Amino acid sequence: MGEAIVVTSGKGGVGKTTTTANIGTALALLGKKVCLVDTDIGLRNLDVVMGLENRIIYDICDVADGRCRLHQALVKDKRFEELYMLPAAQTKDKNAVSPEQVRDIIVELKGEFQYVLIDCPAGIEQGFKNAIAGADHAIVVTTPENAAVRDADRVIGLLESSHIGSPKLVVNRIRPNMVKAGEMLDVDEVLQVLNIDLLGIVPDDEMVIRAANTGEPTVMNPDSKASIAYRNIARRIQGDTVPLMQLDEKKGRFNLFKKIFGRGR
Amino acid sequence: MSIKRNPVTIKGIKDGLVFRLDEQCDFAELLDALKEMIEHSHQAILSGPLVAIDVRFGKRELSDEQKLQILDVLRSRRNLLVRSIEGAKAEEVRENAVLRMPMFTMSGMVRSGQVLRHDGNLLFLGDVNPGGTIVCTGDIYILGALRGMAHAGSEGGEQAVIGASHFAPTQLRIAEVISRPPDSEDAASEHPHETQMEFAYLKDGQMQIDKMANIARLRRDLNVFKGV
C-alpha cells in the first residue's frame with residue numbers, strides 16, 4: 001500500500017502544479033513507482049507541465065463516472081517506466097466529481113503505486129475537498145509573501161481539522177538577494193507564523209519557468225538549484241535526512257562571523 | 001455648568017440600544033426628557049423594526065414604581081423591546097461576575113479563518129495568527145504571539161483586558177471599543193528587541209497599552225504580590 005500526498009496552498013500561482021510535477025519526477029528518479037493525480041478539473045495544467053497533454057484519452061471524470069477503467073485513463077510518462085499521471089477533465093467543473101469518488105480512485109491507485117501525488121486546485125471549496133479526500137498526508141506550498149502565508153495558514157487550519165492532520169511546508173520561490181536586503185520574508189519568519197514542519201525550500205529559478213514551458217520538469221536537469229531542492233524534498237519524503245540547502249553561495253569572512261556569533265540582523 | 005445636558009443619552013450597541021439616564025437630575029425632568037425624545041426629537045430613529053433596549057440608570061435610587069414609569073414611556077413605541085433595566089450596582093455585579101470566573105486554559109494555534117470563543121476568562125498557550133480571532137466575555141491572556149484579532153469583554157465588559165507575550169495584533173476590541181495599531185511601522189520598529197509582555201485595557205473609552213507589570217494598578221480584583 002502506497003501513500004497519497006496532496007499538494008495544496010490556498011492561494012493560486014505559488015507553484016502547486018510545478019511542485020507536484022517536480023517532486024513526482026524526483027521520486028521516479030529515485031526508482032519509485034509514482035502516480036500524479038490532477039484534481040484541478042476545468043483548469044488542468046499538470047499535463048502541460050509534464051509535457052503529456054497530447055497523450056490524454058480519458059480523464060478523472062470518466063473514471064469516476066465509470067466511462068472507462070482507471071488503467072485506461074492513466075497516462076504513462078515518456079521518460080520513466082514507472083511514472084504515471086491521471087489527468088483532470090478540462091471541459092467540466094469541480095462539481096463533476098465528489099470527494100467519495102476521488103477517494104475511491106486514490107485508494108485504488110495506492111494499491112499499485114508507492115506514491116500518489118495529488119495536485120490540488122487553488123481555493124478552499126469543492127475542488128479542495130475533492131483533492132484532500134483520499135490523501136494521507138499533505139504538503140502546503142507557500143511563497144515568502146504575506147498574502148501567500150495568510151492563505152497557507154488558512155489551509156493548514158483546515159487540514160489540521162480534517163483527517164489528514166499536520167501538513168508539511170515547502171517554501172517556494174525564495175530570492176536570497178531580496179531576503180538579504182530585507183525586502184522578502186525569510187524562511188524563519190514564515191515558519192514562525194505557520195508553525196509546522198519544514199519539508200524544503202526552493203529558490204526562485206528561471207530554469208523552472210523554462211522547463212515548465214517545454215514540458216520537461218526542472219528536476220531532469222541536475223544543474224539548477226531548484227532541481228537540487230526538489231530532489232532533496234523527494235529524499236525527505238522517502239525518509240532520508242537531508243540538510244537544508246544553503247541558498248547563499250558567497251561565503252565571505254563576514255558570513256563566517258555571522259555564523260559564529262549567531263544570526264545578526 | 002451653564003450648558004444643559006440632555007439627561008438621556010442613547011448609544012448603539014451590536015444588538016440594540018443602550019439608554020443611559022442621568023443620575024443627578026430630577027426624576028420628573030428625566031421622564032419628560034425621555035418622553036420628548038421618544039415622541040418628538042428622536043422619533044425618526046426610534047421607529048422602524050424591533051429593537052432591543054437596555055436601560056441604565058447609574059447610581060440613582062429608583063423605586064419599582066419609578067421603573068414602571070420609565071418602562072411605560074418606552075412601551076408607548078411598539079418596536080422598542082426593553083431587555084433590561086439596571087443601575088450601576090447591578091451592572092458592576094454582572095461585569096465582575098465574569099471577571100471573577102476562574103481562568104480557563106487552552107492551547108494550540110488559532111489560524112487564519114478560525115475563531116476561538118470562550119465564555120469567561122481565557123489563558124491561551126499558543127499563537128493567534130493574522131486572520132484568526134479570539135472572542136471572550138472576560139479577559140484574554142495569550143502566552144504566545146497575538147498577530148490576529150482579540151475581543152475581550154465581548155458582551156460589554158469594559159473592564160476586560162487583553163494581554164500577550166508578543167503583542168502585534170491586527171485589531172483589538174474591548175467591549176464595544178475597536179482599535180488597531182497605527183499605520184506607520186515606526187511604532188513597531190521602535191523597540192525591535194524589546195520582548196516584554198503587554199496588555200490592552202480601556203481608559204475613559206480609549207484603548208490603552210501598558211506593560212504587564214502595571215496591571216495591578218488597574219484592576220482591584222487581582223491578587224497583588226507586594227513582597228514580604
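Chain A has 12 helices and eight strands, counted as DSSP runs numbered from the N terminus, with helices being H or I of at least four residues and strands E of at least two. This is a predicted model: local features need pLDDT of at least 70, side-chain atom pairs count only at pLDDT 80 or more, and totals for chains, interfaces and linings use all residues. Residues are numbered from 1 along each chain as its sequence is written, chains are lettered from A and ligands numbered from 1 in the order written, and side-chain values use heavy atoms, without hydrogens and water.

Now the overall dimensions. The C-alpha trace of chain A spans about 65 × 35 × 30 Å along its principal axes. For 265 residues, a compact globule would have a radius of gyration near 18 Å, and chain A agrees because its value is 18 Å. That radius is taken over C-alpha atoms, and the globule rule is 2.2 Å times the number of residues to the power 0.38.

In chain A, 52% of the 265 residues count as buried, meaning under 20% relative accessible area with a 1.4 Å probe, protein chains only.

Last, the cysteines. How many disulfides does the structure hold over all chains? The count is zero, a disulfide being a pair of cysteine sulfur atoms within 2.5 Å. For Cys68(A), the closest cysteine sulfur is in Cys61(A), 10 Å away and so too far for a bond. Cys120(A) is in no disulfide either, with the nearest cysteine sulfur, again that of Cys61(A), 15 Å away. Cys68(A) is buried at 10% relative accessibility, and Cys120(A) is buried at 1% relative accessible area.

Note on methods
Buried < 20%, exposed > 50% of the residue type's maximum accessible area, 1.4 Å probe, protein only.
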